Every structure is written in C-alpha cells, then in structure tokens.
Amino acid sequence: MQSLEIKDLHVSLTETPEKAIVKGLNLTIKTGEVHAIMGPNGMGKSTLAKVIAGHPDYTITSGDVLLNGKSILEMEADERARAGLFLAFQYPSEIPGVSIANFLRAALQSRLSEGEELDATGYYKKLYSKMDLLKIDRKFTSRSVNEGFSGGEKKRCEILQMAMLEPTFALMDETDSGLDIDALKIVAEGVNTLRGEKLGVLLITHYQRLLNYIVPDFVHVMYDGRIIKSGDKSLALELDAKGYDWVKKDLAPT
Amino acid sequence: MNPDTLETTGAVENPAVGIDQSAGNFTYDVKYDFDAGTGLSERTIDYISSVKKEAPWINEFRHKALKTFLSMPMPTHWATKDLENINFDKIRYYLSQGTKPKRTWDEVPDDIKKTFERLGIPEQERKFLAGVEAQFDSEAAYSNIKETVAKQGVIFVNSTEGLREHPEIFRKFFGKVIPTSDNKFSALNSAVFSGGSFIYVPPGVKVSHPLQAYFRINAENFGQFERTLIICDEGSEVTYMEGCTAPKFSTSTLHSAVVELVALKGAKIQYITVQNWAPNVFNLVTKRGVAHEEAEIKWIDCNIGSRLTMKYPGVVLKGRKARGEVISIALANDGQHQDTGAKMVHAADETTSTIVSKSISVGQGRATYRGVVHIPKHLKGCKNNTECDALLINTNSRTDTYPAITVRGDSHAAQHEASVSKVSEDQIFYMQQRGLTEGQAMSLSVNGFINDLARQFPMEYSVELKRLIDLEMEGSVG
C-alpha cells in the first residue's frame with residue numbers, strides 16, 4: 001500500500017505570499033481509497049490539487065506533502081508526475097498540432113531512462129486496449145490534444161491519459177464541471193473502471209451529483225482553506241440536503 | 001575527439017544557440033590549390049574565370065555584375081542594419097581543390113571526403129536519393145546521378161560544368177529569372193558565383209527520387225556564392241533538396257546564393273531547403289522561379305541556422321493556370337534574425353498562389369515575415385491565400401510581419417490570415433504534469449505548431465527537422 005500525506009499545509013499565491021489560501025490542511029490518502037473533497041467555490045479546493053502537482057503559481061509557506069513518507073516539495077512538477085501523481089485538470093490546455101497519441105507517447109517516453117526507446121508496437125497495443133476499456137473511438141487519439149474539444153471530450157481525454165500513465169494517486173479537479181449528465185456518466189464510468197487497489201483518488205467537486213456515480217470511501221468538507229468535517233459517503237448526501245451553511249455553523253468562531 | 005580535427009568548438013558558449021550546429025561544427029585542415037585571396041576586385045573575377053576556363057561572355061557578365069554590385073547601396077533603408085557588419089574586403093571569394101567534381105566517393109580527396117562522411121551524405125545518397133552534389137567551399141567535390149536517371153536524359157551537374165558542357169541550355173535561361181541588378185546580393189553572386197547545381201529535366205520525365213545538393217563551408221572568412229539553375233521541360237517533374245552546414249567561427253561568413261527555376265508548360269518543381277548554417281553566417285539568398293502555363297513551383301523553405309537570413313523565395317506566375325506555393329518555417333534563437341517570406345507575382349489569368357509561413361522566436365531571437373503578392377488589374381480569376389503564424393516562446397522574443405498584398409481588378413480572390421501566439425505557462429505546466437520536462441514540453445509545443453508544414457517534408461527531412469528543433473529548444477528554458 002502506498003500513501004499520500006498532506007501535513008498541516010499552508011499555501012499562498014506566489015505573487016501575494018501574505019494572503020493564505022490553504023490554511024493548515026491535513027489529509028492522508030492510501031492506494032485503494034477514493035476521497036472526495038467538497039466545499040463552496042473559492043475555498044481553496046482547486047489550489048490544493050494544483051499545489052500538490054507542483055504548479056509554480058503557488059508557494060507552500062509551511063507544512064509538507066509526503067509520497068510514501070518522502071517529501072515531494074523539492075520536486076519539479078514533471079518529477080512529481082513521473083513519481084506517480086496525476087492531475088486531471090478542470091480546464092485542460094490545448095496543444096495544437098500534437099496528437100493525443102504522440103503526446104501520450106512522449107509522456108511515457110519521459111518515464112524511461114536515457115537511451116531507452118519506447119516500444120512502438122507495445123505502446124499502440126496498450127493504447128488501444130485502454131481505449132477499448134474506456135469505450136473511446138479509435139479516431140480520437142489522432143486529434144490534437146484538447147484542440148476544439150467539447151467539455152466532455154476534454155474530460156475523456158484526461159481519463160484516457162490517466163489510464164495510460166497509470167498513476168499511484170490521481171487528483172481530479174472539478175472533473176464534473178461543464179459536463180451534462182450523459183458526459184458525467186461516461187467520465188464516472190471511466191474513473192470507476194480505473195479504480196482499484198493500486199490507485200488512490202482525490203476527487204474535488206462542488207456538487208454532490210458526481211458522487212452518485214463515483215461513490216467515495218471518504219468525504220471531506222473544505223472551508224476557508226481547511227478541512228472542517230470528514231465522514232463517509234453519507235456526509236455528501238447530508239451536505240446536499242442541508243447546504244454548506246450547515247457545516248459552517250459547526251465552526252467555532254475564531 | 002578526432003585527432004586530426006583542427007578545431008572543434010565542443011562546448012558552445014551560448015547553449016540556446018549553438019547546439020544544433022554541433023553536428024556540423026567542425027573543420028578539417030584542407031589544402032586549397034586555388035585561392036583568389038582576400039577582398040573583391042576585377043582581378044578576383046579574372047582569377048575565378050581563369051581557374052574555371054570560362055568563355056569570354058561569362059567573364060564579361062561577371063565584370064558587369066561587379067559594377068552593378070559596387071553601385072548599389074546596402075538595402076538598410078528597409079532591412080536590418082546588421083548588414084553593415086559585413087566587411088567585403090575581408091572575405092575570401094574563391095577556394096577550391098579544382099573544378100572537376102569526382103563521380104565516386106573513393107576518388108574524393110580524403111581531407112574533403114571525411115567531412116561529408118561525418119555529415120552522413122554518402123549514406124543518405126545510398127538510401128533515398130536519385131543524385132547528389134556535394135559542394136565544399138567554392139566547388140563541388142562530388143557529383144553523381146543514378147544511372148537510371150541519367151539514362152532518361154536528366155542533367156545534374158554543378159554550374160561550372162553546366163556552363164562548359166551545356167551552354168546552349170544554360171545561357172538561354174541564366175540570369176533571366178533573377179536579373180543581376182535584382183538586389184545588391186544577386187549582383188554580388190553574379191560577379192563571383194561558383195558551384196551550385198545545373199539541372200535539366202527533359203519533357204515528360206518525372207524524376208521519382210529527390211536530387212540533393214549539400215553545401216559545406218569549411219574555411220574561415222569565406223564567402224560561398226553558389227548559383228543554381230533548374231529547368232523542367234514540358235510536363236516533367238523534379239524534387240530538389242538542399243542542406244548546408246558550416247563550422248562556427250568567431251569571424252563572419254557570407255553565403256549569398258542565387259537560385260533560378262524555370263517550369264515550362266505543365267512542369268512541376270519542388271525545391272526543399274533545410275538551412276542550418278552556423279550562427280556566424282550571413283545568409284543572403286535570392287530565389288525565384290518562373291511557372292509557365294499550368295506549371296507548378298513549390299518552395300519549401302526551412303531556416304533554423306545563420307546569424308541573419310534574408311530570403312524571400314518567389315514565383316512569377318507567367319502562364320495561364322500556373323500555381324506557386326511557398327511554405328516557410330523559421331526558427332530564430334538568441335542572436336539570430338530570420339528575415340524570410342515570399343513573393344508571388346501573378347502575370348497570367350487564373351493563376352493561383354499560396355503562402356504559408358510559420359515562425360518561432362526563442363529568447364531574443366527575431367523572426368520577420370515579408371510577403372509580396374501582386375495581382376494586376378488586367379488579369380482574371382487569380383487567387384492568393386496567405387497565412388502567417390508566429391509563435392513566441394519567451395517574453396523578450398520578437399516577431400514582425402510585413403505583408404504587402406496588391407490586388408487590382410474585381411475577379412480575383414485574396415485571403416490573408418495572420419496570428420501571433422505564445423506558449424502559455426498553463427500549457428507547459430499541463431505537459432509537465434504528464435511527466436515531460438520543461439524543455440521537452442517546449443519542444444513538443446513547437447513541433448506541434450509547425451506539424452502541418454513539417455509533414456510536407458520528405459520523411460528523412462522531417463525527422464531531422466524535429467531533431468533540430470528538440471536540440472534548439474533544450475536550451476531555451478530556465
């Protein structure tokens with residue numbers, strides 16, 4: 001079993017270090033588990049995902065993030081990725097002129113040691129089997145990464161990349177945003193297919209509806225840069241019924 | 001390190017610039033039997049003519065051109081002031097071991113052969129070329145055409161030999177597409193030209209594999225002035241590719257070529273250049289073709305190297321339904337200025353021209369696009385489509401676009417699109433999050449940007465192009 005530990009994490013925007021966004025967050029995720037972080041917008045949920053992935057816009061002012069007990073804070077974003085962290089973006093970038101197939105090939109190649117060449121036949125075999133698994137049309141991977149994609153296609157592209165790169169921990173940032181219910185079901189089915197003993201998932205979402213399709217093991221409520229309540233999947237339903245004001249009331253005045 | 005390497009600037013001072021030249025950045029000590037000395041005068045010209053044993057009309061042509069060159073000002077009223085840094089008195093205008101190229105690599109003198117072997121030319125020839133000409137400084141050291149192609153009546157020789165053996169064809173077209181006085185550098189070339197290819201493809205012959213020329217500068221303080229003339233007779237087809245390298249010297253090197261293409265009725269010429277000169281080379285080249293009725297001329301021009309390149313391949317669309325196309329890729333890294341573009345002169349009805357230009361500016365590199373499209377009033381049904389896209393890598397990178405499209409008359413269609421984009425931090429982070437290093441991410445973005453154009457190159461060249469871009473981009477970040 002592997003673990004991703006977030007310890008008393010404090011984060012600010014690199015530009016405005018005096019203004020904290022994440023204020024002492026603690027969370028441990030183990031492979032095989034699916035955690036959901038819920039909360040109103042603007043409470044630091046997306047910041048958390050980006051900062052774990054190593055986005056240069058954010059600075060960690062104190063605390064630590066440990067992958068299997070080792071701090072990853074000194075690692076560049078690409079090193080963290082190669083170490084097994086995957087971020088499914090809320091707004092994936094377009095890469096004009098680079099096909100999904102070539103992009104994934106470059107990403108996998110980057111995981112090999114110098115001088116080692118990715119086996120092309122093996123690569124395509126794996127790509128096609130993952131696409132079959134996720135019910136993605138073969139033509140999809142010859143398109144440029146995210147260029148002109150619908151919201152649903154972008155998210156499927158993220159799921160396909162996740163399937164190919166086989167991360168240990170996947171951080172899924174608002175994976176449901178901008179999706180209609182059919183697209184949401186498809187994406188959820190993809191995540192459920194990849195779910196298993198070898199993968200830990202952190203789902204970040206504003207809405208409970210995603211959790212109808214991807215049932216989490218743990219639910220956390222994030223408010224003002226911290227986790228203020230944790231529970232099992234029933235917490236999500238309770239939140240949906242009572243709204244975020246309900247947990248806010250539980251907060252002791254500071 | 002090879003013990004007989006005279007100079008290898010192994011460690012490149014500026015990692016963002018020199019890296020791509022590493023393959024070509026070496027020079028061997030070569031003994032030149034013929035050397036016109038330093039500086040340019042009437043004596044220089046007479047020396048070149050006598051070494052080549054030229055006909056009097058050629059010598060006369062050279063002398064006239066020298067006068068024209070001396071009388072013309074530097075075009076710095078529109079072009080970069082960097083041109084003023086060329087010192088014409090410090091250049092060597094002619095260096096060779098003789099004027100007769102060898103037909104087999106075994107006959108090529110060892111000191112020259114090892115250069116081309118190191119550059120992989122004989123290997124490429126075996127693999128996919130119909131003929132090769134390898135120019136070393138002023139003259140071709142090797143020139144050969146596959147027997148099957150020669151049997152079809154195709155002529156592929158250097159310009160010295162072309163003038164000597166085929167004056168009846170050569171003289172008819174020589175200097176007709178690009179007159180001596182076209183610009184200061186075409187005049188200079190006309191005065192001191194040496195080397196370059198002469199190609200004639202007989203009517204109806206379609207040369208299935210590309211013919212290739214490789215231009216190598218070996219000497220310091222040298223100027224290379226090749227002159228290429230390609231004539232495709234009615235209904236014939238040819239693809240010509242040229243590559244080039246030079247070692248990096250602290251002094252400047254001048255490369256100033258003139259290339260003239262003639263596509264007679266229904267003929268097709270495709271001319272591919274991958275320019276990878278060292279970053280001390282002034283590359284000032286005039287390239288133009290005339291396309292007759294239903295003929296097609298396509299320039300695929302890729303500029304990665306040099307200090308300053310000024311090159312605007314053009315097509316004069318002289319016959320009805322003639323087609324012209326320029327595909328231009330330019331990559332300007334620190335210390336480089338790629339001033340490139342295209343010229344399309346419509347001179348007949350229903351002629352079509354297309355220009356697609358993509359430039360990439362890295363660091364303090366500067367890319368300039370200049371395009372001229374001319375469609376006069378008396379013509380009918382002409383079409384032009386111009387697209388120029390620029391990609392900026394760093395915040396201090398620079399790009400300029402000067403399109404001049406003149407369309408008169410009301411039965412024409414012209415379209416112009418331009419875009420400038422930047423590789424965004426989000427895009428780089430996205431790719432890094434998938435495991436690519438920052439440099440790999442940059443490379444991939446750049447390769448994606450030119451992907452649709454790179455695909456038009458022959459396989460071997462597009463692979464090489466990708467490799468060169470990867471190398472260039474490696475040092476561009478951080």
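This is a predicted model: local features need pLDDT of at least 70, side-chain atom pairs count only at pLDDT 80 or more; totals for chains, interfaces and linings use all residues.

Trainee: How many residues does helix H2 of chain B have, and what distance does the helix reach?

Mentor: Helix H2 of chain B covers residues 56-71, which is 16 residues. From first C-alpha to last it reaches 23 Å, close to the 22 Å expected at 1.5 Å a residue.

Trainee: How many residues of H8(B) are buried?

Mentor: Nine of its nine residues are buried, so that H8(B) is mostly covered. Among them are Lys184(B), Phe185(B), Asn189(B) and Val192(B). The cover over H8(B) includes H1 and H2, together with strand E11 (227-232), strand E14 (258-263) and strand E16 (281-291) of chain B.

Trainee: Which residues are buried in helix H3 of chain B?

Mentor: In H3(B), residues 110-118, the buried ones are Ile112(B), Lys113(B), Thr115(B) and Phe116(B). Around the axis they cover an arc of only 155°, which puts them on the same side of H3(B). Their packing partners in chain B include helix H4 (121-128) and the strands E5 (131-136), E6 (139-145) and E9 (211-216). Just after H3(B), Gly120(B) takes a positive phi of about 80°.

Trainee: Let us turn to a single residue in a strand. Is Val315(B) buried or exposed?

Mentor: The reading is a count of surrounding C-beta atoms, with 20 or more within 10 Å marking a residue as buried. Val315(B) has 33 other C-beta atoms within 10 Å and is therefore buried. Val315(B) is found in strand E19 of chain B, residues 314-317.

Trainee: Which residues is Val315(B) in contact with, leaving aside its neighbours within four places in sequence?

Mentor: They are Gly289(B), Ala291(B), Ile297(B), Gly324(B), Met344(B) and Ser353(B). For separation in sequence and in space, take Val315(B) and Glu220(B): these two are 95 residues apart in sequence and 34 Å apart C-alpha to C-alpha.

Trainee: How is the nonpolar core to be read? Which residues touch the most other members of the largest one?

Mentor: The largest nonpolar core holds 212 residues, and Leu171(A) and Ile199(B) touch the most other members. Helix H10 of chain B, residues 438-454, gives the most to this core, with eight residues. Both domain 1 (5-311) and domain 2 (429-478) of chain B give residues to the core, so it lies between them. The C-alpha centres of these two domains of chain B lie 29 Å apart.

Trainee: What is Leu171(A) in contact with, leaving aside its neighbours within four places in sequence?

Mentor: The contacts of Leu171(A) are Ala49(A), Ile52(A), Ala53(A), Phe86(A), Leu87(A), Ala88(A) and Leu202(A).

Trainee: Finally, the whole chains. What does the secondary structure of chain A come to?

Mentor: Chain A has nine helices and twelve strands. Its radius of gyration is 18 Å, close to the 18 Å that the globule rule gives for 254 residues, so chain A is as compact as a globular protein of that length. Its C-alpha atoms fill a box of roughly 60 × 40 × 35 Å along the principal axes. Buried residues make up 42% of chain A, and among its contacts between residues at least 6 apart in sequence, 73% join residues at least 24 apart.

Trainee: What are the corresponding values for chain B?

Mentor: Chain B has eleven helices and 26 strands. A compact globule of 478 residues would have a radius of gyration near 23 Å, and the 22 Å of chain B agrees. The C-alpha atoms of chain B fill a box of roughly 65 × 65 × 45 Å, taken along the principal axes. Of the 478 residues in chain B, 57% are buried. Among contacts in chain B with a separation of 6 or more, 81% are between residues 24 or more positions apart.

Key
Residues are numbered from 1 along each chain as its sequence is written. Chains are lettered from A and ligands numbered from 1 in the order in which they are written. A nonpolar core is a set of buried Ala, Val, Leu, Ile, Met, Phe, Trp, Tyr and Cys residues joined through C-beta atoms within 7 Å. A residue is buried if 20 or more other C-beta atoms lie within 10 Å of its own, exposed if 12 or fewer, and partly exposed in between; C-beta atoms are placed from the backbone. Helices (H or I, at least four residues) and strands (E, at least two) are DSSP runs, numbered from the N terminus. Domain bounds come from an automatic or database domain assignment. Two residues are in contact if their C-beta atoms, placed from the backbone, lie within 7 Å. The radius of gyration is taken over C-alpha atoms; the globule rule is 2.2 Å times the number of residues to the power 0.38. The expected span of a helix is 1.5 Å times one less than its number of residues. The arc is that of the directions from the helix axis to the C-beta atoms.
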